[in-house]
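Open the model in your viewer and keep the selection tool ready. Each stop below says what to select and what is there.

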Amino acid sequence: MLNSIKQTSLSLLQRLNDAAHRHPRRVAAGVCTVLAGFAVTAFGIAPMAPDAAELPQRLVTEELTLTGIDQQLEALAQHALELSRSDLTRASDTADSLLRRLGVADASAAAFIRSDRDARRLLEGRAGKMVQVTTDDGGALKELVARFPALDSAQTATHFSRLTISRVAGRWLTRLETAPLIGQVRLGSGTIRSSLFAATDEAKLPDSIATQMVDIFSTEIDFHRQLRKGDTFSVVFEALTADDQPITWNEGTGRILAAEFTNNGKTAQAVWFKDGHGRGAYFSPDGQSKKRAFLASPMEFSRITSGFAMRLHPIMQTWRAHNGVDYGAPSGTPVRTVGDGVVDFAGWQNGYGNVVQVKHGGDKTTVYAHLSKLEVRKGQRVEQGQRVGLVGATGWATGPHLHFEFRVGGQFQDPLKIARAAETVVIDATARPRFLQTAAAASAQLDAAESLIGRRGDGE
């Protein structure tokens, strides 16, 4: 029986195989039909989510009340508008032209500025005063505030004047005050490509930063001869503000708080520090004073045209010892004393022309000759860096320059050697812990400033 079933099955499979060979297309079509049936069945089972069209829907309506245009205009009319505008005064300004430029249309305000003693200060003196006005929507002046350098010249570096003109109960009132400038710490850095001033300009730093750096590092770096392309500097300095607004005079800067200068691969650092008596000076990170007894040069920027050596005299045409150093500079360039002292002579002296002699401690004397103008008098006490006159070509001079001498006990000495050998002072032991904290903080700020090198507009 089993054998019979096997034979029947084999016979059936044989017939199916023969049929597939004889009719291949029909077999393929049948298989596709069967598979298509399975696909349709799968598609019909898959979408089990409800049809969105059959979900319940609800319409929500809400009535909005729109204010009429007339009511809106009335509400706007009841709102008092104030308009503010700022500008700087110009040398050619009048009361009318200044107010007009500020958008003020108020004849009574212009008349008051012309007539009131304090209000007239707005247009007197140097231009560049910072002016801010507040007006109503018709252009009538409500208040004017002007900020400018302190009237007392002794306070211009630390204070500012604030002039307020306001209308109170139909009357014009003025208020003139003196307020302190507030310093904000800023960072800057740059690279020397041609000159120090060009580098500070490129870094968007004021010229006073360059001047201060020269003063700080003048005993270590000869900015006349040793500056190299590729030298770098970083500074931490104060930006001065009046009522939180950066001032536009004094170049807007205060004191350098910390500085670093890399010249020809050698780095020098300086930190500003005040002792317990309120006396401030620049020190290196190890506490050594940057202020030596004598500066390396009597001018901030110039070039040495004749050193302390034998030379052919330009007028006498004979070889003779040159007992000082000549600095070439344009007429009118400021000349400063290289050390503290008392003016021993100020006037005309034969071949020296207009000359100033300053007597220092230790039987030392410095001489500043061929000046076009004297700015000190005999017996006057002067401090290191103070102006004593202006470069000229008086006396035996073939052109504008400064002849500078250094004498010790009446004997001529090389000024450059004297400056480098001048003594320095050290931080007091009791103040040293506080100084080290200041120096550490300054070092971190200089590191941050150094990261700005190579970016334009480094004054941050």
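A residue counts as buried under 20% relative accessible area, as exposed over 50%, and as partly exposed in between. Keep those cut-offs in mind for the whole tour. The model is predicted.

**Stop 1: a salt bridge at Asp 106**

Select Asp 106 and Arg 167. They form a salt bridge, with the closest N and O atoms 2.5 Å apart. Arg 167 lies in strand 4 (residues 159–168) and Asp 106 in the loop between helix 4 (95–101) and helix 5 (107–115), so the pair ties together parts that are 61 residues apart in sequence. Is Asp 106 buried or exposed? At 12% relative accessibility, Asp 106 counts as buried, because buried means under 20%. Arg 167 is partly exposed, at 33%.

**Stop 2**

The whole structure holds 18 salt bridges. Side chains of opposite charge can pair when their charged atoms come close.

Select Glu 177 and Arg 162. Their side chains meet in a salt bridge, 3.0 Å from N to O. Glu 177 is in strand 5 (residues 171–180) and Arg 162 is in strand 4, 15 residues apart. Glu 177 is partly exposed at 28% relative accessibility, whereas Arg 162 is buried at 17%.

Next, select Arg 193 and Glu 202. This salt bridge has its closest N and O atoms 3.2 Å apart. Arg 193 is partly exposed, with a relative accessible area of 49%. Glu 202 is partly exposed too, at 27%.

**Stop 3: two positive phi values**

Most residues other than glycine have a negative phi. Stay on Asp 243. Its phi is positive, near 55°. Asp 243 sits in the loop between strand 7 and strand 8 (245–246). At 31% relative accessibility, Asp 243 is partly exposed.

Jump to His 370, in strand 19 (residues 364–374). The phi of His 370 is also positive, near 70°. His 370 is buried, with a relative accessible area of 6%.

**Stop 4: the largest nonpolar core**

In soluble globular proteins, nonpolar side chains tend to be buried together. Select Leu 196, Met 213, Phe 217, Phe 233, Val 235, Ile 256 and Phe 261. Of the 23 residues in the largest nonpolar core, these touch the most other members. Helix 6 (196–202), helix 7, strand 7, strand 9 and strand 10 each supply at least two residues. Which element gives the largest share of this core? Helix 7 does, with six residues.

Centre the view on Met 213. Leaving aside residues up to four places away in sequence, Met 213 touches Leu 196, Thr 200, Phe 223, Phe 233, Val 235, Ile 256 and Phe 261.

Then select Val 325, Val 335, Val 343 and Tyr 368. They are among the 21 residues of a second, separate core.

**Stop 5: the largest pocket**

How much space lies in the largest pocket? About 1400 Å³. Select Gln 212, Asp 215, Arg 255, Tyr 282 and Gln 384. Of the 42 lining residues, these are the closest to the pocket's centre. Elements that give two or more residues to the lining include helix 7 (207–217), strand 7 (232–242), strand 9 (253–263) and strand 10 (266–274). Strand 11 (280–283) and strand 16 (334–336) are also among them. Helix 7 gives the largest share of the lining, five residues. By class, the lining has 15 nonpolar, 15 polar and 12 charged residues.

**Stop 6: the cavity**

The structure has one cavity of 30 Å³ or more. The largest cavity holds about 90 Å³ of space. Select Asp 222, Phe 223, His 224, Ala 296 and Ser 297. Of the 14 residues that line this cavity, they are the closest to its centre. The lining divides into seven nonpolar, three polar and four charged residues.

**Stop 7: Pro 330**

Finish at Pro 330, in the loop between strand 15 (325–328) and strand 16. Pro 330 is exposed, with a relative accessible area of 58%. Which residues does Pro 330 touch, not counting those up to four places away in sequence? Pro 330 touches Val 391 and Pro 400. The C-alpha atoms of Pro 330 and Pro 400 are separated by 6.0 Å, although the two residues are 70 residues apart along the chain.

Notes: Residues are numbered from 1 along each chain as its sequence is written. This is a predicted model: local features need pLDDT of at least 70, side-chain atom pairs count only at pLDDT 80 or more; totals for chains, interfaces and linings use all residues. Side-chain values use heavy atoms; hydrogens and water are left out. On a 1 Å grid over the protein atoms alone, a cavity is a set of points where a 1.4 Å probe fits but cannot get out, and a pocket is an open set with protein on both sides within 12 Å along at least five of seven lines; lining residues have an atom within 4 Å of a point. Grid points are joined across faces, edges and corners, and a volume is the space filled by probe spheres set on the points. Helices (H or I, at least four residues) and strands (E, at least two) are DSSP runs, numbered from the N terminus. Ala, Val, Leu, Ile, Met, Phe, Trp, Tyr, Cys and Pro count as nonpolar, Asp, Glu, Lys and Arg as charged, and the others, Gly among them, as polar. A nonpolar core is a set of buried Ala, Val, Leu, Ile, Met, Phe, Trp, Tyr and Cys residues joined through side-chain atoms within 4.5 Å. Buried means under 20% relative accessible area, exposed over 50%, partly exposed in between (1.4 Å probe, protein chains only). Contact means heavy atoms within 4.5 Å. A salt bridge is a side-chain nitrogen of Lys or Arg within 4 Å of a carboxyl oxygen of Asp or Glu.
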